[in-house]
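Open your viewer and get ready to click along. Each stop tells you what to select and what you will find there.

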Amino acid sequence: MGERRNSALERIREIPLEMREDSPYKEVFRPLAFFFLDYFKERENQEAQSLEVAAVEGNTDASVPISSLLKRYQRELQNFLFPGIAKERSPFGDFFSILIFLSFGIVLENEEEAQSRILELYLQLYLYSQSDEALERSRFQDIFYSHFYDYCRDFLEERYEEEEKDPFLYRNNILFFEWMPYYGSSPFFSKDYVESHQRDAAIFLGDRFLSHLYQAYEQEEKLWHKRRGKSRVQILEEQFKKRMDFQPENYCIENAQGLSFHAHQEKLWKSFLEKTKDARIVFEIMRERT
């Protein structure tokens, strides 16, 4: 799997060099290419220094340089950070906004397979944006749909495995529409920013995908219950009662501007959240109970 990720990074390394001044959407794809390269360089530096630093200085916060890196590229990509603003600047800006958020989310992914998926999605969208054919919104939508649909089960399996190790670890949760990590706390992204992109992903993916996601969730939940004897939410509630010091925080990006839903889309969104209400914990309600 390391070979798959490294192969994608090698291709990404070529992109800043091959983009001309008039290349389509250079202001999106060039900074993102540099972001990926800088991020993995920082990871390598941290891995190389971790033993020495731990021995000399004790535990240090490895998220500080990553947070600084994110802030720098958030400034460079500020015109496309939020879907509402991005769509005003480009007919495909809302798709670029989703891509940027998902790309930044690589900092929350520790598995090489998950990192590779993000890099490959970036490359797929980059290659399409630079093609000679006339760009179409439907094609951008198809690329996102295929990505999420094909890897839906993998997303869920990874999240369940992570949750068994640390239930309160913040995760890259663009896909899960308030289930994972429920209300969670991120060192990098605000709750409003996350939710605006989740809603827009729901617009792009539609009811067919939401049904597919829910079916995959039901299957994974049955496996979890069979293995643990309890539902995920039951176990999380028990653990939460022991963690009353857990304080979700949100900062870094504020005043998210999502897209407006059509009435039909709003209905599908509310129906999906109602259907999956037992899949998540609302921490504020849990605090009231205790």
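The tour starts with the whole chain and then visits single residues.

**Before you click**

This is a predicted model, in which local features need pLDDT of at least 70, side-chain atom pairs count only at pLDDT 80 or more, and totals for chains, interfaces and linings use all residues. Residues are numbered from 1 along each chain as its sequence is written, and side-chain values use heavy atoms, with hydrogens and water left out.

**Stop 1: the whole chain**

Show the cartoon: the chain has 11 helices and 0 strands. Helices (H or I, at least four residues) and strands (E, at least two) are DSSP runs, numbered from the N terminus. Of the 290 residues in the chain, 49% are buried; buried means under 20% relative accessible area, exposed over 50%, and partly exposed in between (1.4 Å probe, protein chains only).

**Stop 2: Phe29 and Tyr126**

The structure holds 22 aromatic pairs. Rings of Phe, Tyr and Trp (its six-membered ring) pair if their centres lie within 6.5 Å; planes under 30 degrees apart count as stacked, over 60 as edge-to-face and the rest as tilted. Select Phe29 and Tyr126: their ring centres are 5.6 Å apart and their planes are at 65 degrees, so this pair is edge-to-face. Phe29 belongs to helix α2 (residues 26-57) and Tyr126 to helix α6 (residues 112-129), so the pair ties together parts that are 97 residues apart in sequence.

**Stop 3: Tyr128 and Phe140**

Now select Tyr128 and Phe140, an edge-to-face pair with 5.1 Å from centre to centre and 75 degrees between the planes. Tyr128 is in helix α6 and Phe140 in helix α7 (residues 137-165), so this pair ties together parts that are 12 residues apart in sequence. Both Tyr128 and Phe140 are buried.

A charge sits over a ring if NZ of Lys or CZ of Arg is within 6 Å of the ring centre and within 35 degrees of the ring normal.

**Stop 4: Arg117 and Tyr151**

Select Arg117 next, which lies over the face of Tyr151, at 5.2 Å from the ring centre.

**Stop 5: Glu221**

Glu221 is buried, with a relative accessible area of 14%. Leaving aside neighbours within four places in sequence, which residues is Glu221 in contact with? Show Tyr160, Ser231 and Arg232 to see them; contact means heavy atoms within 4.5 Å.
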